[in-house]
Amino acid sequence: MKEIFIASRNSGKIREIREFFDQLDPGIKLRSLLDVPEIPDIEETGKTFEENALLKAKSVFEIVKVPVIADDSGLEVDFLGGRPGVLSARYSGEMASDQENCEKLLNELKGVKSSDRKARFKCVILFYGESNPGTYEGTCEGVIGNSLSGTSGFGYDPLFIPNGYTETFAELPIEVKNKISHRGKALQKFEAALMNWLKN
Ligand code: IMP
């Protein structure tokens, strides 16, 4: 059975990537950094999502020696000039929790009216193996709500209301999030390349 390794310890991301694979049912063994705790964390020193995805993919591939999927993603808020961007996971400090990051974002947007709370999630998925890497991008536009709402998902999901909806990502069913999200869109673009790789 072919194997793909997910270069992440973020259980929210891993769940969404696993669901994408489950739907295709391609018979691939999937592992992630959560299964191999001895692999050290990779420092994300890149200035862009692409750079960080490549850093993660390369360093994990050198250790596990099977094709790797890396996801680098984050939230860009217009009012904050695109912050937190690549620093989304560490917005309120190195070991920040999702709750702390959301609270910092709410504080920074205190008093800012809805029309000025536009934001987007971006995701770069990188498939990296022996041959040329493939890069797949997805974006999801929306606004930042005035308070936390909903309990599913992870990260900034309780604050992010995608365009065309009134609920946050944390209130929407996971199947809906996966269809319209930045990660879902990047994975949909990856699907053809994945199927091709499986045939060879
Ligand atoms: P990184 O890609 O490991 O640098 O971290 C991405 C960070 O962006 C996560 O820790 C979240 O804070 C945020 N993020 C990325 N994708 C999502 C999402 O789908 N929902 C909520 N937050 C997300």
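**Notebook: sheet, helices and charged pairs**

I began with strand β1 (residues 3-6), which pairs with β2 in the parallel sense over four bridges. I looked up I4 and found that its bridge partner in β2 is L30. I note here that the model is a predicted one.

Next I traced the whole sheet. It is open, has six strands in the order β2-β1-β3-β4-β5-β6, and its pairing is mixed. The edge strands are β2 (29-32) and β6 (160-162), and each of them pairs on one side only.

Helix α1 (residues 11-24) lies across β1, β2 and β3 (68-77), and runs at about 120° to β3. Helix α5 (residues 182-199) packs on the sheet too, touching β1, β3, β4 (118-128) and β5 (134-144). The direction of α5 makes about 160° with that of β5.

I searched the whole structure for salt bridges and got 16. In one of them the side chains of E16 and K177 meet at 2.7 Å, N to O. E16 is in helix α1 and K177 in helix α4, 161 residues apart, so I logged the pair as a link between distant parts of the chain. Are E16 and K177 buried or exposed? Both are buried. E16 and K177 also belong to a network of salt bridges that links them with K13, D71, D157 and R183.

I looked up R120 and D78 next; their side chains form a salt bridge at 3.0 Å, N to O. R120 is in strand β4 and D78 in the loop between β3 and α3, so this pair ties together parts 42 residues apart in sequence. R120 is buried, at 15% relative accessible area, while D78 is partly exposed at 41%.

Which charged residue is buried yet has no salt bridge? I found R117, whose nearest side chain of opposite charge, D116, is 9.1 Å away. R117 sits in the loop between α3 (98-108) and β4. Among the residues R117 touches, leaving out those up to four places away in sequence, are L106, V112, V143 and I144.

My last entry is S181, in the loop between α4 (174-180) and α5. S181 counts as buried because its relative accessibility is 0%. A polar atom of the S181 side chain lies 3.3 Å from the backbone nitrogen of R183. Not counting residues up to four places away in sequence, S181 touches C140 and F169.

How values were computed
Residues are numbered from 1 along each chain as its sequence is written. This is a predicted model: local features need pLDDT of at least 70, side-chain atom pairs count only at pLDDT 80 or more; totals for chains, interfaces and linings use all residues. Side-chain values use heavy atoms; hydrogens and water are left out. Two strands pair if DSSP finds at least two bridges between them. Helices (H or I, at least four residues) and strands (E, at least two) are DSSP runs, numbered from the N terminus. Contact means heavy atoms within 4.5 Å. Axes are lines fitted to C-alpha atoms, for helices over the stretch in contact, and angles run from 0 to 180 degrees between N-to-C directions. Buried means under 20% relative accessible area, exposed over 50%, partly exposed in between (1.4 Å probe, protein chains only). Lys and Arg count as positive and Asp and Glu as negative; His and the chain ends are not counted. A salt bridge is a side-chain nitrogen of Lys or Arg within 4 Å of a carboxyl oxygen of Asp or Glu. A polar contact is a pair of N or O atoms within 3.5 Å; within protein, one must be able to donate a hydrogen and the other to accept it, and residues adjacent in sequence count only if both atoms are side-chain atoms.
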